[in-house]
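Trainee: I have a model open and some questions about it. Can we go through them briskly?

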Amino acid sequence: MEKKIERRGRQAENDTVISVYTQEFKDHNGETFTWEWDKIKNPNGPLSVTIKDPQWATYDKKDKQLIELLEKYEVKKGERKPRVTKADKEAIEKLEYEMNEIFYSFYPEDRPKIRKKRVTKTK
């Protein structure tokens with residue numbers, strides 16, 4: 001005689017816990033938020049949150065170009081410091097200037113003040 005095992009309630013279809021996943025949220029103005037979760041490393045919150053704003057796309061592009069140029073002249077251990085070429089120096093200065101202009105167009109109150117030299121009167 002076979003015993004019939006009676007199972008009550010809802011059957012468990014997938015009982016494996018997902019511990020590593022990502023979530024993407026899109027805002028109405030085009031911003032994209034990417035949350036990366038790892039419940040093993042950090043059970044209380046996301047590991048990292050990446051925010052991509054379409055307004056800053058040109059800034060990010062110029063930032064990547066600047067990083068590539070600066071990595072080209074990074075000092076490696078046990079080697080001499082590589083000399084920066086004139087063309088690369090001008091490109092670095094131009095990228096830094098353009099990045100500052102983009103940044104200060106969004107935050108004009110953070111632009112550094114231009115201090116003028118005091119004029120001293122001679123007697």
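Trainee: How long is the polar contact that joins the side chains of Asp88 and Thr85?

Mentor: First, the ground rules: this is a predicted model, where local features need pLDDT of at least 70, side-chain atom pairs count only at pLDDT 80 or more, and totals for chains, interfaces and linings use all residues. Residues are numbered from 1 along each chain as its sequence is written, and side-chain values use heavy atoms, with hydrogens and water left out. A polar contact is a pair of N or O atoms within 3.5 Å; within protein, one must be able to donate a hydrogen and the other to accept it, and residues adjacent in sequence count only if both atoms are side-chain atoms. The Asp88–Thr85 side-chain pair comes in at 3.3 Å.

Trainee: Is Asp88 buried or exposed?

Mentor: Asp88 sits in helix H2, residues 86–106. Helices are DSSP runs of H or I, at least four residues; strands are E runs of at least two; both are numbered from the N terminus. Buried means under 20% relative accessible area, exposed over 50%, partly exposed in between, with a 1.4 Å probe and protein chains only. Asp88 has 13%, so the residue is buried.

Trainee: Which residue joins the side chain of Asp88 in a polar contact of 2.2 Å?

Mentor: Leave aside neighbours within four places in sequence: Asp88 is in contact (heavy atoms within 4.5 Å) with residues including Leu69 and Lys72. The 2.2 Å side-chain partner is Tyr73.

Trainee: How far apart in space are Asp63 and Glu96?

Mentor: Asp63 belongs to helix H1, residues 57–72. In sequence, Asp63 and Glu96 are 33 residues apart. C-alpha to C-alpha, the distance is 8.5 Å.
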